[in-house]
Amino acid sequence: MNAARPNAAIPILSVEGVVKHFLLPSSLISRLAGQPRPMVHALNTVTLDVYRGETLGVVGESGCGKSTLARCLVRLSDLDAGVIRFEGRDIAQLKPAERRGFNRRVQMIFQDPYSSLNPRMTVSQILGEALSVHRMRPKAEISGRIAELLELVRLPQDAAARYPHEFSGGQRQRIGIARALAVEPDVIVADELVSALDVSVQAQVVNLLLQLQEQLHLTVIFVAHDLRLVRHISHRVVVMYLGQVMEISPSEALFTAPRHPYSKALLDAAPELDPARRSSAIAARGELPSPLNLPVGCPFASRCPHAFDRCHGERPALTPRGNGQYAACHLTGFGAPDPTIQS
Ligand code: SF4
């Protein structure tokens, strides 16, 4: 289990006030009435740092914005506001050559191993293409490098001549990992890496990623809804809700003493975690607010059992709570060792 955050002084990626909207199609009646197109607020001023060599878990319910954040981190989506910096440089301002370097150094592994590999290419061609596009090796060394990559992800050497359909889901995800590693990245963004796989295979792939992270000193952003896997693999965890960061915490601190009511509700409701630590009362009751119409105050106020007047009118800022934990909640003492909660 990873408890500490390595190399805490150097954020390799910084996310500052990032906002991302998606416009939806208007109905005919809305258009005739001249109403603006409805807008989904996918990310609402998200701020966080990712440190070199750490594994940062990103969790939250479906629709909380975690996959949108992953896509923004690898420049698959443009931002509507805010900035993402890689080694201090705004990634939206990179020159073409710098952008190619960024695209090589920050790699995404996609959720669906079935659709992310070209079915007409052998594994050798898939890996060879990744090596050639970024000119990672002279032509004469490519087959040797492919053999190294297969060994790295624990696939047999004869896999090189086979096509993706000849592999199981877990093996295909290993091919996806090998393709990402071919370009020697610094950062891997893994969006629901194993959610399409059988439970029996998930742990093998996650353990492989954990070993590779340590062996190759990778920075990993692990986006997942399975809290058990996130706990196993992450140094720190970001908890998101309705496009906003609710808590950032070292992994063990989050799972033993969450500092935000939503984090606690998420853990209480997770069947995969230790049943002994679950409370009988699930805190997050009620409707998830619409991402089309965000509440003015705390986004969790409509479901929070601790909500009070201030929560409905003022959005809480993400503030330090000690022990490396940060929470966006007006109850600054929530979850603290001292049971007296101050407001
Ligand atoms: Fe609950 Fe208020 Fe804290 Fe939001 S700010 S989590 S509503 S107590």
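# Sheet, salt bridges and ligand site

Val245 in strand E10 is the residue that Met240 stands opposite. This is a predicted model, in which local features need pLDDT of at least 70 and side-chain atom pairs count only at pLDDT 80 or more, while totals for chains, interfaces and linings use all residues. Residues are numbered from 1 along each chain as its sequence is written, and side-chain values use heavy atoms, with hydrogens and water left out.

**The sheet**

Strand E10 covers residues 244–250, and six bridges join it to E9 in the antiparallel sense. Strands (E, at least two residues) and helices (H or I, at least four) are DSSP runs numbered from the N terminus, and two strands pair if DSSP finds at least two bridges between them. E9 and E10 form a hairpin with two residues between them. In that turn, Leu242 has a positive phi of about 50°.

E9 also pairs with strand E3 (residues 55–59), here in the parallel sense and over four bridges. Val237 of E9 is the bridge partner of Gly57.

How many residues of strand E9 are buried? E9 spans residues 236–241, and six of its six residues are buried, that is, under 20% relative accessible area, where over 50% is exposed and values in between are partly exposed (1.4 Å probe, protein chains only). Both faces of the strand are covered. Arg236, Val238 and Met240 are buried on one side, and Val237, Val239 and Tyr241 are buried on the other.

These strands belong to an open sheet of eight strands with mixed pairing, in the order E6-E7-E8-E3-E9-E10-E12-E11. Strand E6 (106–109) and strand E11 (319–320) are the edge strands, each pairing on one side only. E6 runs parallel to E7, to which four bridges join it. Within this pair of strands, Gln107 has Ile188 of E7 as its bridge partner.

**Salt bridges**

Side chains of opposite charge can pair when their charged atoms come close. A search of the whole structure finds 16 salt bridges, each defined as a side-chain nitrogen of Lys or Arg within 4 Å of a carboxyl oxygen of Asp or Glu. The table gives examples.

| Residue | Partner | N to O distance |
|---|---|---|
| Glu87 | Arg105 | 2.7 Å |
| Asp186 | Arg105 | 2.6 Å |
| Arg162 | Asp158 | 3.3 Å |

The side chains of Glu87 and Arg105 meet in a salt bridge. Glu87 lies in the loop between E4 and strand E5 (89–90) and Arg105 in helix H3, so this pair ties together parts that are 18 residues apart in sequence. Glu87 is partly exposed, at 35% relative accessible area.

Arg105 also meets Asp186 in a salt bridge. Asp186 lies in the loop between H6 and E7, so its pairing with Arg105 in helix H3 ties together parts that are 81 residues apart in sequence. Arg52, Glu87, Arg105 and Asp186 are linked in a network of salt bridges. As for the pair of Arg162 and Asp158, Arg162 is partly exposed with a relative accessible area of 22%.

**Loops and helices**

Most residues other than glycine have a negative phi. Arg75, which is not a glycine, has a positive phi of about 65°. Arg75 lies in the loop between helix H2 (66–73) and strand E4 (81–86), and Arg75 is partly exposed at 27% relative accessible area. Glu184 likewise has a positive phi, near 50°. The loop that holds Glu184 runs between helix H6 (169–182) and strand E7 (187–191), and the relative accessible area of Glu184 is 36%, which is partly exposed.

Asn103 sits in helix H3 (residues 96–105) and is partly exposed, with a relative accessible area of 32%. Asn103 is 28 residues from Arg75 in sequence and 8.3 Å from Arg75 in space, C-alpha to C-alpha. Leu28 is found in helix H1 (residues 28–32) and counts as exposed at 55% relative accessibility. Leu28 and Leu13 are 15 residues apart in sequence but 42 Å apart in space, C-alpha to C-alpha.

**The ligand site**

Which residues are closest to the ligand? Of the 13 residues that surround the ligand, the closest are Cys298, Cys304, Cys311, Cys329 and His330; a residue counts if one of its heavy atoms lies within 4 Å. The shell has 10 nonpolar, three polar and no charged residues, where Ala, Val, Leu, Ile, Met, Phe, Trp, Tyr, Cys and Pro count as nonpolar, Asp, Glu, Lys and Arg as charged, and the others, Gly among them, as polar.
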